[in-house]
Amino acid sequence: INGLQKDPNGRRHIINSWNAGEIDQMALPPCHVMCQFYVNKNKELSCHMYQRSVDVYLGLPFNIASYALLTHLIAQVCGYSVGELIISTGDTHVYHNHVEQVKEQLSRTEFSLPTLWLNPDIKDIDKFTMADIRLDGYNSHGAIKAEMAV
């Protein structure tokens with residue numbers, strides 16, 4: 001955040017989620033390996049995330065939501081507007097035991113997209129609480145259960 005504020009044109013605004021020294025202590029190494037933030041000439045913050053392994057049904061929606069929210073939070077505290085979330089994927093797959101769930105998901109009618117509200121008074125990333133974050137107009141169908149593969 002400090003780097004984005006002081007040197008918005010820098011190319012080293014990177015978050016690395018891969019800690020090789022602790023891989024053997026993890027149930028599963030992080031699928032989202034790293035992200036890099038960019039600020040364009042219009043003062044829009046974009047995030048490019050690389051995911052080494054992608055469980056399309058269970059993992060990808062969570063990662064999209066998480067990195068989109070992170071981009072919005074960082075943009076706000078840095079005084080930027082929000083640009084794009086770009087995701088590059090490595091081993092991208094649907095597990096055999098998720099095929100029926102994917103078919104059900106794809107058969108559903110889409111709802112209108114919600115809007116994200118962040119408390120505009122928050123200027124420090126560590127000061128956000130759940131009360132400062134809201135999805136307005138969020139609607140969902142019922143849950144579709146699927147087993148997670150580890």
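This is a predicted model: local features need pLDDT of at least 70, side-chain atom pairs count only at pLDDT 80 or more; totals for chains, interfaces and linings use all residues.

Visitor: Okay. How many helices and strands does the protein have?

Guide: There are three helices and six strands. Going along the sequence, they come in the order α-β-β-β-α-β-α-β-β.

Visitor: And what does the C-alpha trace span along its principal axes?

Guide: About 50 × 40 × 30 Å.

Visitor: What share of the residues count as buried?

Guide: Of the 150 residues, 26% are buried.

Visitor: Let's go inside. Which residues have the most contacts in the largest nonpolar core?

Guide: Those are L4, F37, L45 and Y80, in a core of 17 residues. β2 (32-39), β3 (44-55) and α2 (59-78) each put in at least two residues, and α2 gives the most, with six.

Visitor: Why would nonpolar side chains be together in there?

Guide: In soluble globular proteins, nonpolar side chains tend to be buried together.

Visitor: Take L4, then. What does L4 touch?

Guide: Leaving out residues up to four places away in sequence, L4 touches H13, F37, V39, L45, I74, C78 and Y80.

Visitor: New topic: N63. Where is that one?

Guide: N63 is in helix α2.

Visitor: Is N63 buried or exposed?

Guide: Buried, because its relative accessibility is 8% and the cut-off for buried is under 20%.

Visitor: So what does N63 touch?

Guide: Setting aside residues up to four places away in sequence, its contacts are H32, M49 and Q51. With Q51 there's a polar contact between the two side chains, at 3.0 Å. The C-alpha atoms of N63 and Q51 are 9.0 Å apart, and the two residues are twelve apart along the chain.

Visitor: Why does Y138 count as exposed?

Guide: Because its relative accessibility is 51%, and exposed means over 50%.

Visitor: Last one. Among contacts between residues at least 6 apart in sequence, what share join residues at least 24 apart?

Guide: That share is 59% in this protein.

Methods
Residues are numbered from 1 along each chain as its sequence is written. Side-chain values use heavy atoms; hydrogens and water are left out. A nonpolar core is a set of buried Ala, Val, Leu, Ile, Met, Phe, Trp, Tyr and Cys residues joined through side-chain atoms within 4.5 Å. Buried means under 20% relative accessible area, exposed over 50%, partly exposed in between (1.4 Å probe, protein chains only). Helices (H or I, at least four residues) and strands (E, at least two) are DSSP runs, numbered from the N terminus. Contact means heavy atoms within 4.5 Å. A polar contact is a pair of N or O atoms within 3.5 Å; within protein, one must be able to donate a hydrogen and the other to accept it, and residues adjacent in sequence count only if both atoms are side-chain atoms.
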